[in-house]
Amino acid sequence: MRRLASALLAFGLLVALPTTAFAHDVLERTDPADGTSVTKLPESVVLTFSEAPLTIGAQVVVTGPKGAASSGAPTITGRDVTQAIAPDSPGGDYTVSYRITSDDGHPVTGTFSFHAAIGLDGSTAAAGATVHVKPVSSADDGQSSLLVPILLTIVGTVVLLGIGGFLVLRGRQADRA
Ligand SMILES: [Cu+2]
């Protein structure tokens, strides 16, 4: 019985620890926000994640009316990933695709879009341009992938609590005997 308890305890620790210590870095917000219109195209876009992504392997691709509009590599400051936009970029529809390395080592990818009425080059968006609001893309990163670690953490915690209570009860019985 004691051996079974130790085995269960080890299993509980294995399941509970990694999932709580290393969670997926989820995109919390962007500037500009997905599906919004801004008057003037900003000089950079900012992606804020739930935790600080790793500095290696970050990619942010900004695409505008003239095609590629990123300027240089993205910079990571804490939870913020900032990507500069080329100064000759016109007004219009912009799409931002990102790929970062989560602090648990998993890649996190997605896309968001916004509309800028006036470009960094001073030009106004072509008539008839519309914002294409689309659901936040979920490459490997939907709610479902979050659910598994959460469930595992709950199971691990319940197992640990159960074993803790069992050991305490056994200890009391041993004291009485
Ligand atoms: Cu992950």
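This briefing covers a copper site, a sheet and the aromatic pairs of one structure. The model is predicted; local features need pLDDT of at least 70, side-chain atom pairs count only at pLDDT 80 or more, and totals for chains, interfaces and linings use all residues. Residues are numbered from 1 along each chain as its sequence is written, and side-chain values use heavy atoms, with hydrogens and water left out.

**Copper site**
- H24 (ND1), D104 (OD) and H106 (ND1) are the protein donors of the copper ion, at 1.8 to 2.0 Å; donors are N, O and S atoms within 2.8 Å of the metal (3.2 Å for Na, K and Ca), and sites may look incomplete because water is not among the atoms.
- Along the chain the donors are spaced H-x79-D-x1-H.
- H106 has a relative accessible area of 40% and is therefore partly exposed (buried is under 20%, exposed over 50%, partly exposed in between; 1.4 Å probe, protein chains only).

**Sheet**
- Five strands form an open sheet with mixed pairing, in the order β2-β9-β8-β4-β5 (strands are DSSP runs of E, at least two residues, numbered from the N terminus; two strands pair if DSSP finds at least two bridges between them).
- β2 (36-40) and β5 (67-68) are at the edges, each with a single partner strand, so one side of each lacks a neighbour in the sheet.
- β4 (residues 59-64) and β8 (residues 92-101) run antiparallel, joined by five bridges, and V60 stands opposite Y98 in β8.

**Aromatic pairs**
- The whole structure holds two aromatic pairs (ring centres of Phe, Tyr or Trp, the last by its six-membered ring, within 6.5 Å; planes under 30 degrees apart are stacked, over 60 edge-to-face, the rest tilted).
- F49 and Y98 are edge-to-face, 5.8 Å centre to centre with 75° between the planes, and both residues are buried.
- Y94 and F114 are stacked, because their ring centres are 5.7 Å apart and their planes at 15°.

How values were computed: Helix = DSSP H or I, 4+ residues; strand = E, 2+ residues; numbered from the N terminus.
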